[in-house]
Amino acid sequence: MSETLDRVRPYIRKHFQARDKHEFVPGKTKIPLIIPSYGADEVEEALESMLSTWVTMGKKVKRFEEMFAEYLGSKHAVMVNSGSSANLLTLSVLTNPLLQDRIMPRTEIITPAVTWATTVYPIANVGCTPVLVDVNPETMNIEPEEVKKAIDPQTSAIMPVHLLGCPCEVDELVKVASDRNLYLLSGTWALSASSCPTTSPQ
Ligand SMILES: Cc1ncc(COP(=O)(O)O)c(C=O)c1O
């Protein structure tokens, strides 16, 4: 542990204590979209890495991947540098010619009309065609009925987005995808946001 970090630690704590006056109540407290939600713990971890000069993949990334996989109840989790890279990595893996049952180039992938550019670009990057469908005006999330209407013989996957961290109608989308043997790839924006107008956490 760095002596330098030990010296600045009290100042970092004080800095965040002065800012974070409100108690955080899970499921109730709203997390503002445009204000980063990190605090002293994260700043100390980041500083520790920077002071150590080990800033690429290492113990911390591995620990994060293991904890995240456990949190999701999944076998594996892979950390990448951004949401955009996560989308591109997912699609690159699923279109890889070495994969049996891969997503074929020139097939269609259904995604919501309200999303971020890097949900749509990676679909084109891997040689597929994005098909945009309308969202529910209340939740701003993809509408399963619209997905059903957009499915045709060229469709290979559905790529919903849990916009602002609010979950889509996952059960319904899983059903639509599995009934038609399509891949379902979820993109999430602001994973931890809690101010959802509808639906319970999935
Ligand atoms: C739905 C969605 N996917 C991907 C991204 C891109 O994330 P990043 O900025 O981490 O590349 C965003 C960014 O806001 C997003 O809203």
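Isoleucine 109 has alanine 157, in β3, as its bridge partner. This is a predicted model. The pairing of β1 with β3 is parallel and spans three bridges. β3 also runs parallel to strand β5 (residues 183-184), joined to it by two bridges. There, alanine 157 stands opposite tyrosine 183.

| Strands | Sense | Bridges |
|---|---|---|
| β1 and β3 | parallel | three bridges |
| β3 and β5 | parallel | two bridges |

**Core**

The largest nonpolar core holds 21 residues. Ile109 and Ala157 are among those with the most contacts inside this core, together with Ile110, Ile142, Val147, Ile158 and Met159. Two or more residues come from each of β1 (108-112), β3 (155-158) and α7 (170-179). In soluble globular proteins, nonpolar side chains tend to be buried together.

Which residues does isoleucine 142 touch, leaving aside those up to four places away in sequence? Isoleucine 142 touches Pro112, Val133, Val135, Val147, Pro160, Val161 and Cys168. Of these partners, Val147 is also listed with the most contacts inside the core.

**Domains**

The protein chain is divided into domain 1 (3-72) and domain 2 (83-188). The C-alpha centres of domain 1 and domain 2 are 32 Å apart.

**Confidence**

Mean pLDDT for the protein chain is 89. A value of 70 or more is reached by 92% of its residues. Residues 192-202 have pLDDT below 50. Beyond near neighbours in sequence, this stretch has 26 contacts in the model.

How values were computed: Residues are numbered from 1 along each chain as its sequence is written. This is a predicted model: local features need pLDDT of at least 70, side-chain atom pairs count only at pLDDT 80 or more; totals for chains, interfaces and linings use all residues. A nonpolar core is a set of buried Ala, Val, Leu, Ile, Met, Phe, Trp, Tyr and Cys residues joined through C-beta atoms within 7 Å. A residue is buried if 20 or more other C-beta atoms lie within 10 Å of its own, exposed if 12 or fewer, and partly exposed in between; C-beta atoms are placed from the backbone. Helices (H or I, at least four residues) and strands (E, at least two) are DSSP runs, numbered from the N terminus. Two residues are in contact if their C-beta atoms, placed from the backbone, lie within 7 Å. Two strands pair if DSSP finds at least two bridges between them. pLDDT is the predictor's confidence in each residue, from 0 to 100. Domain bounds come from an automatic or database domain assignment.
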